[in-house]
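Colleague: I would like to go through this structure with you. Could we start with the overall picture and then turn to one residue?

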Amino acid sequence: FPYILNNDVLERMNNLHLVELNGILSKQEEDRGNFEGLLLRAIDFFGSAMNDDAESSAFLKFIISLEISLVDSHEPEKELMAERGAIILADKYQARKEIFEGIERLYNLRSEFIHKGINNISDPDISMLSYIAFGVIIRLLPLVGRIKALSELIESLNNIKFSSPPFSEII
């Protein structure tokens, strides 16, 4: 079947930030910035998960994709990954809370599988995790050029997290 490139297809490509991805891929590896390399590793694990027939392996690769995108190597993963994913993917409190709880629950499934050998991972869990990981990647791609390192992303997310009104004004 021929691939037809029309305005609808171009619009979808723009919404998926494929121009930004192409810009990263067009560079020589040594010319890519820290954040660009990080996103490519996250995309690589995401793509590998999408092509993995073993459900538990795919699930772990989706989690790794999220970890690469959201957590520095010296940080505790679960809470920070859930927090940052929720901030990136949603603008309103209730939606952020639901995403936070979803990521925490999925991370707990990962921990049960890795540390105890308990596999309670379901197809809907894998679908949800793939949706979250894809959403994070798509929301981060347009930041290439503005953010040079994961530490800058973390600082921006912390700024959002800690910039609400003082407790004394809320109560």
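**Fold and one buried aspartate**

Modeller: Please keep in mind that this is a predicted model. Residues 24 or more positions apart account for 61% of the contacts in the protein with a separation of 6 or more.

Colleague: How many helices and strands are there in the protein?

Modeller: The protein has nine helices and zero strands. Along the sequence, the pattern reads α-α-α-α-α-α-α-α-α. The radius of gyration is 17 Å, close to the 16 Å that the globule rule gives for 171 residues, so the protein is as compact as a globular protein of that length.

Colleague: What box do the C-alpha atoms fill?

Modeller: Along the principal axes, the box is roughly 60 × 40 × 35 Å.

Colleague: And what share of the residues counts as buried?

Modeller: Of the 171 residues, 39% are buried. The protein exposes about 10,500 Å², and carbon and sulfur atoms supply 54% of that area.

Colleague: Changing topic, how many positive and negative side chains are there?

Modeller: There are 17 positive and 27 negative side chains, and the centres of the two sets lie 3 Å apart.

Colleague: Now for the single residue. Where is aspartate 125 placed?

Modeller: Aspartate 125 belongs to helix α7, which covers residues 123–140.

Colleague: Is aspartate 125 buried or exposed?

Modeller: Aspartate 125 is buried, because its relative accessible area of 7% falls under the 20% cut-off.

Colleague: Which residues is aspartate 125 in contact with, leaving aside neighbours within four places in sequence?

Modeller: Aspartate 125 is in contact with Phe59, Arg105, Leu106, Leu109 and Asn120.

Notes: Residues are numbered from 1 along each chain as its sequence is written. This is a predicted model: local features need pLDDT of at least 70, side-chain atom pairs count only at pLDDT 80 or more; totals for chains, interfaces and linings use all residues. Side-chain values use heavy atoms; hydrogens and water are left out. Helices (H or I, at least four residues) and strands (E, at least two) are DSSP runs, numbered from the N terminus. The radius of gyration is taken over C-alpha atoms; the globule rule is 2.2 Å times the number of residues to the power 0.38. Buried means under 20% relative accessible area, exposed over 50%, partly exposed in between (1.4 Å probe, protein chains only). Contact means heavy atoms within 4.5 Å. Accessible areas come from the Shrake-Rupley method with a 1.4 Å probe; for residues, only the protein chains shown count as cover. Lys and Arg count as positive and Asp and Glu as negative; His and the chain ends are not counted. The place of a charge is taken as NZ of Lys, CZ of Arg, CG of Asp or CD of Glu.
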